[in-house]
Amino acid sequence: MPFNAEQLNMELSLEQKFQEKIDRDERIEPRDWMPDSYRKTLVRQISQHAHSEVVGMLPEGNWISRAPSLRRKLGLMAKVQDEAGHGLYLYSAAETLGIERDTLIDQLHTGKAKYSSIFNYPTLTWADIGTIGWLVDGAAIMNQVPLCRCSYGPYARAMVRVCKEESFHQRQGFEILLSLCQGSPEQKAMAQDALNRWWWPSLMMFGPSDIDSPHTQQ
């Protein structure tokens, strides 16, 4: 293809205007021009986030029928329903970037797309459900609150509601563990065992150092 100076200048002008908008802390909307690398990074990040919300329902949903009381069962059902909603918000945000939801799901099923590996750990006891709420959702909140101010409008707006609901999930998890810690010696031991097993995986949710991340330059 022959070199087109006019097209190159137009591209540079659009990229400059895009960067100026970012520098003014304005939101990028779906119909705005954006660099291909920006769009690609958003699709990767938002889809991974959506997949994690959906996959995250599985270990907790496994305990709905085994919750120790009707109150706990209702609370866990509400949480799993929230996580499903988070996945839907985020898939919708990803679709505004021009990718089909079926494509995103296919990428998850084929292993091309990633999700948070913490959901591969087994939930062995009821205390695991409390620990996930307190530690895992707590780590997620730390990672996700800054996304409410991210540059892409649909993602930022979706994250406002997601973070509010995650805060409820964290309080719910803390209350489950608190009840166990005020219970019998067996319940206290169960809570301590769950905490021991989930502590390091929860810390790993913060990811590698920027020096070790392949995406830092983006």
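This is a predicted model: local features need pLDDT of at least 70, side-chain atom pairs count only at pLDDT 80 or more; totals for chains, interfaces and linings use all residues.
Figure 1. Helix H4 covers residues 70-95, and helix H6 covers residues 126-144. Their axes come within 13 Å and cross at roughly 45°. The crossing of H4 and H6 is left-handed. From H4, the contact uses Arg 72, Leu 76, Lys 79 and Glu 83. From H6, it uses Trp 126, Ile 129, Ile 132, Gly 133 and Asp 137. By class, the residues of this contact are four nonpolar, one polar and four charged.

**Figure 2. Helices H6 and H7 pack at an angle of about 145°.** Helix H7 runs over residues 153-181. The axes of H6 and H7 are 7 Å apart. Their crossing is left-handed. On the H6 side, the residues in contact include Trp 126, Ile 129, Gly 133, Asp 137 and Gln 144. On the H7 side, they include Met 159, Cys 163, His 169, Phe 174 and Leu 180. Which classes of residue make up the contact of H6 with H7? It divides into 12 nonpolar, nine polar and two charged residues.

**Figure 3. His 169 is a buried residue of helix H7.** Its relative accessibility is 0%. Residues count as buried under 20%, so His 169 falls in that class. Which residues does His 169 touch, not counting those up to four places away in sequence? They are Lys 79, Asp 82, Glu 83, His 86, Gly 133 and Asp 137. Of these, Lys 79 and Glu 83 also belong to the H4 side of the contact between H4 and H6. Gly 133 and Asp 137 belong to the H6 side of that contact.

Figure 4. Gln 144 is part of H6 where H6 meets H7. Met 159 is part of H7 in that contact.

**Figure 5. The largest nonpolar core has 23 residues.** Those with the most contacts inside it are Met 34, Tyr 38, Ile 46, Leu 97, Tyr 152, Tyr 155 and Met 159. Helices H2, H4 and H7 each give two or more residues to this core. In soluble globular proteins, nonpolar side chains tend to be buried together. Tyr 152 is worth a look. Leaving aside neighbours within four places in sequence, Tyr 152 is in contact with residues including Ile 28, Pro 30, Met 34, Tyr 38, Leu 42, Ile 46, Ala 93 and Leu 97. Glu 29 and Thr 96 are also among its contacts. A second, separate core holds 15 residues. Trp 63, Ile 132, Val 136 and Ile 176 are among them.

**Figure 6. Helices H2 and H5 are roughly perpendicular to each other.** Helix H5 spans residues 101-110. The axes of H2 and H5 come within 11 Å and cross at roughly 70°. Angles of 65 to 115 degrees count as roughly perpendicular, which is why this pair has that label. Val 43, Ser 47 and His 51 in H2 meet Leu 104, Ile 105 and Leu 108 in H5. The contact has four nonpolar, two polar and no charged residues.

**Figure 7. Lys 40 is an exposed residue of helix H2.** Is Lys 40 buried or exposed? At 64% relative accessibility, it counts as exposed. Leu 97 is 57 residues apart from Lys 40 along the chain. The C-alpha atoms of Lys 40 and Leu 97 are separated by 8.8 Å.

**Figure 8. Asp 25 has a positive phi.** Its phi is about 60°, although Asp 25 is not a glycine. Most residues other than glycine have a negative phi. Asp 25 is found in the loop between helix H1 (5-23) and H2. With a relative accessible area of 55%, Asp 25 is exposed.

Terms used: Residues are numbered from 1 along each chain as its sequence is written. Side-chain values use heavy atoms; hydrogens and water are left out. Axes are lines fitted to C-alpha atoms, for helices over the stretch in contact, and angles run from 0 to 180 degrees between N-to-C directions. Helices (H or I, at least four residues) and strands (E, at least two) are DSSP runs, numbered from the N terminus. A crossing is left-handed if the near helix is turned anticlockwise from the far one by less than a right angle, and right-handed if clockwise. Contact means heavy atoms within 4.5 Å. Ala, Val, Leu, Ile, Met, Phe, Trp, Tyr, Cys and Pro count as nonpolar, Asp, Glu, Lys and Arg as charged, and the others, Gly among them, as polar. A nonpolar core is a set of buried Ala, Val, Leu, Ile, Met, Phe, Trp, Tyr and Cys residues joined through side-chain atoms within 4.5 Å. Buried means under 20% relative accessible area, exposed over 50%, partly exposed in between (1.4 Å probe, protein chains only). Angles under 35 degrees count as roughly parallel, over 145 as roughly antiparallel, 65 to 115 as roughly perpendicular and the rest as oblique.
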